[in-house]
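Work through each task yourself before you read the solution.

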Amino acid sequence: MLTRALRHPRGLPSFSRALSSSSSQQPIKLVEVGPRDGLQNEKTPLDAQIKVELIERLVRSGLRDVEAGSFVSPKWVPQMATTPEVLTSPTLAQLRRDYPDLSLPVLVPNARGLSSLTTLLSQHPSDPPLTNEIAVFVAASEGFSRANLNTTVADSLASLPPIFDSAKKQGLRVRAYVSVVLGCPFDGRIEPEKVAGVAKELLEMGAYEVSLGDTIGVGVPAGWEKLLNECERKGVPVSKLAAHCHDTYGTAISNILHCVSLGIPTVDTSIASLGGCPYSPGATGNVSTEDVLYALYHSGIPSSFFPSPPEAGEGTLLGWNGEGEDKERFERLCAVGEWGEREREEKRKAKEAEKQKAKL
Ligand SMILES: CC(C)(COP(=O)([O-])OP(=O)([O-])OC[C@H]1O[C@@H](n2cnc3c(N)ncnc32)[C@H](O)[C@@H]1OP(=O)([O-])[O-])[C@@H](O)C(=O)NCCC(=O)NCCSC(=O)C[C@@](C)(O)CC(=O)[O-]
């Protein structure tokens with residue numbers, strides 16, 4: 001696989017480059033999707049206050065790109081119905097003031113979603129604004145498009161230009177997702193040409209980045225490489241792509257390291273591996289933020305969380321080699337995941353107790 005990467009005729013960056021020169025490499029940007037992609041899948045929707053606390057803990061632990069929610073139909077995804085409450089909370093206002101480089105993107109599936117966000121922004125004018133970024137999402141397969149957005153891929157793409165225009169006028173950056181890029185629970189194998197074509201359209205509409213979602217976690221490094229090669233061939237630069245990996249078969253970390261070696265500058269992760277997809281039967285959690293950071297750090301690859309990792313193989317995150325500041329930061333982040341797990345468990349138990357009481 002490595003030799004194929006090195007030999008690639010279009011000249012994708014080599015595996016050895018990413019792993020050998022941490023000082024010359026741009027830090028990999030991490031996009032934390034736990035509070036959105038993670039919590040949209042909770043059986044018991046969490047209160048806005050817990051989501052706000054999760055976001056606060058993530059940001060204060062050092063993450064700067066944290067998806068805060070979705071303006072989707074509450075009939076389809078009730079777990080995201082509190083997004084306006086989350087965005088307008090005083091805690092998030094304080095975070096935006098404390099961290100001017102903070103980005104809190106929200107998902108917008110259609111014009112109705114953007115219009116709800118626009119209304120919220122006008123009702124709560126602030127500097128910095130409630131959010132500076134939206135994310136739109138399209139599928140690479142008809143089956144998933146129907147299940148997730150109740151429309152075809154073509155119609156879903158055709159609905160987006162006015163959303164891009166309106167977002168631009170409001171000063172909102174637009175990120176785009178393409179789902180099921182390596183396999184669909186309904187349609188099976190997905191041709192890389194199809195994914196590359198959808199990604200190209202999204203970039204041409206004005207997306208600053210396209211996140212490729214292995215929604216059901218079936219990808220392996222060779223599949224990702226084929227997909228990225230096809231993107232380059234179609235004029236979609238790898239430098240404009242992000243990797244969004246689920247970990248159904250335990251291949252997410254190797255996929256991410258390989259994508260990074262091939263020049264992908266952004267990786268989506270989810271604290272404590274929260275997540276899945278409500279319209280993707282069989283999908284397990286997203287790749288965990290903690291695991292990705294561990295792997296990047298110990299491979300000597302700089303990230304937005306650890307801009308100056310040690311040489312590959314020389315890490316100290318687990319403390320066998322000293323008590324560095326990096327270790328403390330990593331432990332603080334892991335503690336956020338543990339806290340989140342406890343909160344969710346307590347919430348589940350409380351709901352269960354309520355149900356039992358109602359039965360008596
Ligand atoms: C797009 C729709 C709404 C179409 O759903 P629809 O049923 O075709 O839409 P509709 O226009 O017929 O409206 C249905 C109802 O929803 C309302 N509605 C309609 N739009 C909105 C809105 N924006 N906000 C609030 N309400 C809305 C609308 O007003 C109506 O309410 P009613 O009149 O029946 O009372 C629906 O399919 C939907 O919400 N889908 C979102 C599903 C979703 O959020 N999936 C998870 C996110 S994607 C993901 O996780 C993958 C990703 C990004 O992480 C990457 C990866 O791993 O692949």
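Before we start: a helix here is a DSSP run of H or I with at least four residues, and helices are numbered from the N terminus. Also keep in mind that this is a predicted model.

**Exercise 1.** Find out which helix gives the most residues to the shell around the ligand.

*Solution.* Start with the elements that each supply at least two shell residues: helix 7 (111-123), helix 8 (142-149) and strand 5 (173-179). Among these, helix 7 gives the most, with 3 residues. Next, look at who comes nearest: of the 25 residues around the ligand, these are Gly-113, Asn-150, Ser-179, Gly-213 and Thr-215. Finally, sort the shell by class, and you get 10 nonpolar, 12 polar and 3 charged residues.

**Exercise 2.** Trace how strand 7 is linked to strand 6 and strand 8.

*Solution.* Take strand 6 (residues 209-214) to begin with: it pairs with strand 7 in the parallel sense over 5 bridges. To get from strand 6 to strand 7, the chain passes through helix 12 (residues 221-233), in a right-handed β-α-β crossover.

Then move on to strand 8 (residues 266-269), which pairs with strand 7, also parallel, over 3 bridges. Here Ala-243 has Val-267 as its bridge partner. Strand 7, helix 13 (residues 252-261) and strand 8 form a right-handed β-α-β unit.

Definitions and conventions. Residues are numbered from 1 along each chain as its sequence is written. This is a predicted model: local features need pLDDT of at least 70, side-chain atom pairs count only at pLDDT 80 or more; totals for chains, interfaces and linings use all residues. Two strands pair if DSSP finds at least two bridges between them. A crossover is right-handed if, with the strands pointing away from the viewer, the path from the first strand over the helix to the second runs clockwise. A residue is near a molecule or strand if its C-beta atom, placed from the backbone, lies within 6 Å of it. Ala, Val, Leu, Ile, Met, Phe, Trp, Tyr, Cys and Pro count as nonpolar, Asp, Glu, Lys and Arg as charged, and the others, Gly among them, as polar.
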